[in-house]
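These notes are meant for someone opening the structure without having seen it before.

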Amino acid sequence: MPLPERAKAAVLAVVVILSAIGLILAAQAFRPQASAPSQGIRLSMTIQSPGWTLTYENNDTRNNTAFLFLLEAASVLHFRVEWTNWSPPFSAVFVDAINGARNGDGGRWWQFWVDGVYADTAADLTVLHGGDSVLWRFATPEGG
Amino acid sequence: MARTPAFRKLTKLDFAFLLILLGVGGRLLFRSVFHTANIETVLAVSMIAGAFLGWRYTMLVTVATMAISDAAIYALGAGGEFGLAAILGITAFTWSGMLFAGFIGAAAGRRRVLFTTGSIAVLATISIPATLLYDIWTAFGFWMFVAGPHGLSLASVYSLQIPFTLIHLASSIVFVPLFGTIFAWLAPAPEYIPTPEPTEGAP
C-alpha cells in the first residue's frame, strides 16, 4: 500500500534534517585544528601600515595560530585588535582593525602572509610552527 | 488541504517578487547578520523560480536577488580586500553560477508536476548537483581573480573549498524543499480537465 502524502512528507523532512546534520558534521572534520604545542615555539611578527611598523618576537610562545599570536603581540605591545567572529558551522575570525587602522580606510585592507606565503585560511585557522614569521600588511588589494 | 481564494490570485510576478524577497532577505541575514559562511537562500529561490515559473522568471529572480544583495553586501564593506576588478570577476561567476542552478530547476520543473512530496524530493535531490556545479564554477572564479594571483594553486583552492561546499549542500537540501513546499502550497493547483469521451456517430 503506498504511503499517504503526509507520511511521505514526514519521511522527506527526516531525511533532509539528517542529511543536513551529517553534511555539517563532515564539514567540521575538514576544519583545521590547532592543538596547543607541548612546549613553547619561536615565532616572529611584523605589522606594517603606512606611517608605522610594529615588530614582535617570542622565543617561547604557545600561541600557535596567526590570530592568537597577533593577540599576544597586541597584549605585550599595547595596541588594539578588532575582529568579526564568523558563526558555526564554520567558525572563523576576520580581522577588521589593528592599532586603529581599519579595513577600508584609504582603500586599504589587512592581509597576512606566513613565511612569505599569502594566507589561504582565516587567521585563527592558520597554524604556525616553530620559526615561522608572520607579516600583516595594511595595503591596497594588489592581486598578489 | 483547500487553498484560500486569495492565494489563487497570485500572479507569476507576485511569486517572483516573493522569491526575490526570500533570496535577498535570507542571503543578507545569514551573510551580514549571523556571519554564517555558505548558508544562503539564493540557489534555492533560483531553482524554485525555474521549477515553478520557468526559465524567464528564473533569470529575473536570480539577477534581481544577486544584484540587490550584492549591492547591499558590498556597500557594507565586504570583499574590499579583493579590489574592484576581482569583485567584478567573482560577480560574473556567482551570477552565472546561480543562473545555471535556476536553469537546472527549470529543466526539472518542466517535466513533472510540482505538487507532490515526491516531486519536492526530486527537486531537493537535483539541488545537490546544482550546488556542486555552482561551487566548482565559483571556486574556479575565485582562483582566477583572487587566489591565483596570490600564488595559490587551483588544487589548493578546491581542497580548501570542500568544507564550504559541504555546508552549502546542507543549506540547499534544507532550503530547496522548504521553499518548494511553501510555493507548491501557494501556487494554484492544476485544474483537473476530464478527458473527452469518444462519441459515437458518423465522422
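1. Two residues are in contact if their C-beta atoms, placed from the backbone, lie within 7 Å. The model is predicted, so local features need pLDDT of at least 70 and side-chain atom pairs count only at pLDDT 80 or more, while totals for chains, interfaces and linings use all residues. Residues are numbered from 1 along each chain as its sequence is written, and chains are lettered from A and ligands numbered from 1 in the order in which they are written.

2. The contact between the chains takes 29 residues from chain A and 32 residues from chain B. On the side of chain B that touches chain A, α6 and α7 (154–186) each supply at least two residues. Helix α7(B) gives the most to this side, with 12 residues. By type, the residues on that side of chain B are 20 nonpolar, 11 polar and 1 charged. Here Ala, Val, Leu, Ile, Met, Phe, Trp, Tyr, Cys and Pro count as nonpolar, Asp, Glu, Lys and Arg as charged, and the others, Gly among them, as polar.

3. One residue to look at is A27(A), which sits in helix α1 (residues 5–29) of chain A. A27(A) is buried, because 23 other C-beta atoms lie within 10 Å (buried means 20 or more such atoms, exposed 12 or fewer, and partly exposed in between, with C-beta atoms placed from the backbone). Leaving aside neighbours within four places in sequence, A27(A) is in contact with P89(A) and F90(A), and with P163(B), L166(B) and I167(B) of the other chain.

4. Chain B has 7 helices and 0 strands. Helices (H or I, at least four residues) and strands (E, at least two) are DSSP runs, numbered from the N terminus. Of the 203 residues in chain B, 39% are buried. Among contacts in chain B between residues at least 6 apart in sequence, 79% join residues at least 24 apart.

5. Within chain B, the axes of helix α2 (residues 12–33) and helix α4 (residues 55–75) come within 9 Å and cross at roughly 30°. Axes are lines fitted to C-alpha atoms, for helices over the stretch in contact, and angles run from 0 to 180 degrees between N-to-C directions. The residues of the contact of α2(B) with α4(B) are 12 nonpolar, 4 polar and 3 charged.

6. Helix α3 (residues 42–53) and helix α6 (residues 117–147) of chain B have axes that come within 11 Å and cross at roughly 125°. That angle makes α3(B) oblique to α6(B) (under 35 degrees counts as roughly parallel, over 145 as roughly antiparallel, 65 to 115 as roughly perpendicular and the rest as oblique). From α3(B) the contact uses L43(B), M47(B) and A51(B), and from α6(B) it uses L123(B), S127(B), A130(B), T131(B) and Y134(B). These residues divide into 6 nonpolar, 2 polar and no charged.

7. Chain A contains an open sheet of 5 strands in the order β2-β1-β8-β6-β7, with mixed pairing (two strands pair if DSSP finds at least two bridges between them). Strands β2 (52–61) and β7 (117–118) of chain A are at the edges, each with a single partner strand, so one side of each has no neighbour in the sheet. Strand β1 (residues 41–49) of chain A pairs with β2(A) in the antiparallel sense over 8 bridges. T46(A) stands opposite T55(A) in β2(A). Helix α2 (residues 66–77) of chain A packs on the sheet, and its direction makes about 110° with that of β2(A).
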